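Welcome, and please take a moment to look over the sequence and the model shown here.

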Amino acid sequence: MSVSVKNLRSNIRCGTWLYLLLIGVSLFAVHGIRAAEARQPNIIFVVADDLGYADLGVYGSNEIQTPNLDQLADGGIILTDGYVSAPYCGPSRAGFMTGRYQQRHGFWCNPTNWPVDRSQGLDLEEETIADVLRRGGYRTCAIGKWHLGSAEAFHPINRGFDEYFGFLGGGHHYFPMQYEENMKRWARDHSDTDTPFLYNYGSPLEVSGIPIPPQEGYLTDLLTDYSIGFMKRASGTPFFLYIAYNAPHVPLEAPEETIEKYSSINDKKRRTYAAMVDNLDMNMGRIVEYLRESGEFDNTLIVFISDNGGKPQNGGFNGELRGHKGQVYEGGVRVPFIWSWPNVLPAGEIVTTPISSLDLLPTFAVAAGVNPAGKPLDGINVLPVLLGESGSASHARLFWERGGQRGIRQGEWKATLWRERSNWQLFNLTDDVGEQNDLAKSNPEQLEEMKALYEQWIGQFEGPRWSDPKY
């Protein structure tokens, strides 16, 4: 379902705003447009890392300045109920990269990122978004955080990407020239942490498998520099650009002049986090500016999400949503989700239908006119939903699991299990997006139905291919 949003951005305070949308929905019809019949679009998929649901202007923030993402959203579509398939980094990426619940291929938890470990990484039998699009004639490039395995077999260049610039681990410092000093300080501050975890932040920047010397500048800027360079090299060919910024993931580091913009924020972590989001937004503006200058903007499908919810202890803010990164409550799995494709998608729309990051692979494939050749997908093509076509297929239910936590959404209902020894909870998201009013006792039949569906879903999977040291 979609509704015009030109003057509603300031009212996106999760609960009240979402309730008004759900009872005041109108369908937007677009006639005479079929994506597969048009010239193949360029596709840019941008992932922020640990971005809070309410930390963009279009999602209600009055504190952090994000004019470029706000403008992209105003010219495209905002999802209110956009989800990832896991509440933290690696599994979330394994889900959207394959269009399949990551549990299907054993990627239940983060890999250790040892380059000699050939067991921890994205299953080699899984087809990636890049595999699909390259088969359709696309030139492909991955930028930034990989976190899907560090052994050679799992490298982006071996998973469908023609080029790669970034780091293979789960994080990186933002000022590469101070990299060694930062790593020493990180090791000192985390002396009780095992070495494999430290490797998450110790993997060097590289270009297509070749480590490079420390670079001058700020990492988010450098990732954007390479992104624009790739688009220039790919001129004349449809391209797929996957930009996985690590901002605003820890360590919290930003240019001093940007931090100064937020001097009114007393909390130091929140202040630096705001500066990191501000810089990320500026770099999104650079991407769009290049596309406009090159004449490719109208025929470029851009999708922007976060890999999971924000983490308050690291500066993130999820608004009225309950929970945060690492939890299956809405604050861990509901994320900012923006779509832009001027040639095809309407402008200034909000879509309230639940859409998952699992839907990206099949939707990109349809937009590009390519058939996925891999295993059956859990994601669906959501272009009809985005176009407001009546009767469009959508997810009957969505599922989550993390370290014993369980979650299922079915329509307006959300059931969660916080820990294996706790009781299931039941919430009505239409009335209670903040998951505060447990309706388990008053709606036992609804809860039992959802519990049975969940057990059926999770019972089809084998266990993790490696263990999570945190559980």
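Searching the whole structure turns up 24 aromatic pairs, where rings of Phe, Tyr and Trp (its six-membered ring) pair if their centres lie within 6.5 Å, with planes under 30 degrees apart counted as stacked, over 60 as edge-to-face and the rest as tilted. One of them is the stacked pair of Phe399 and Trp457, with 4.7 Å centre to centre and 5° between the planes. This pair links distant parts of the chain, 58 residues apart: Phe399 belongs to strand E14 (residues 398-402) and Trp457 to helix H13 (residues 444-458). Helices (H or I, at least four residues) and strands (E, at least two) are DSSP runs, numbered from the N terminus. Phe399 counts as buried because its relative accessibility is 8%, and Trp457 counts as buried at 5%; buried means under 20% relative accessible area, exposed over 50% and partly exposed in between (1.4 Å probe, protein chains only).

Helix H13 also holds Tyr454, while Trp424 lies in strand E17 (residues 424-428), so their pair ties together parts that are 30 residues apart in sequence. Trp424 is buried, with a relative accessible area of 12%, and Tyr454 is buried at 0% relative accessibility.

Elsewhere, ring pairs join Phe45, Phe96, Trp146, Phe161, Phe240, Tyr242 and Phe364 into a cluster.

The charged end of Lys414 sits over the ring of Trp400, 5.2 Å from its centre, and Arg419 lies over the face of Trp418, at 4.8 Å from the ring centre. For this, NZ of Lys or CZ of Arg must be within 6 Å of the ring centre and within 35 degrees of the ring normal.

How far can you trust the picture? This is a predicted model, in which local features need pLDDT of at least 70, side-chain atom pairs count only at pLDDT 80 or more, and totals for chains, interfaces and linings use all residues. Residues are numbered from 1 along each chain as its sequence is written, and side-chain values use heavy atoms, leaving out hydrogens and water. The average pLDDT is 89, and 86% of the residues score at least 70; pLDDT is the predictor's confidence in each residue, from 0 to 100. Over residues 2-37 the pLDDT is below 50. Where pLDDT is low, the predicted coordinates should not be read in detail.

Key: Contact means heavy atoms within 4.5 Å.
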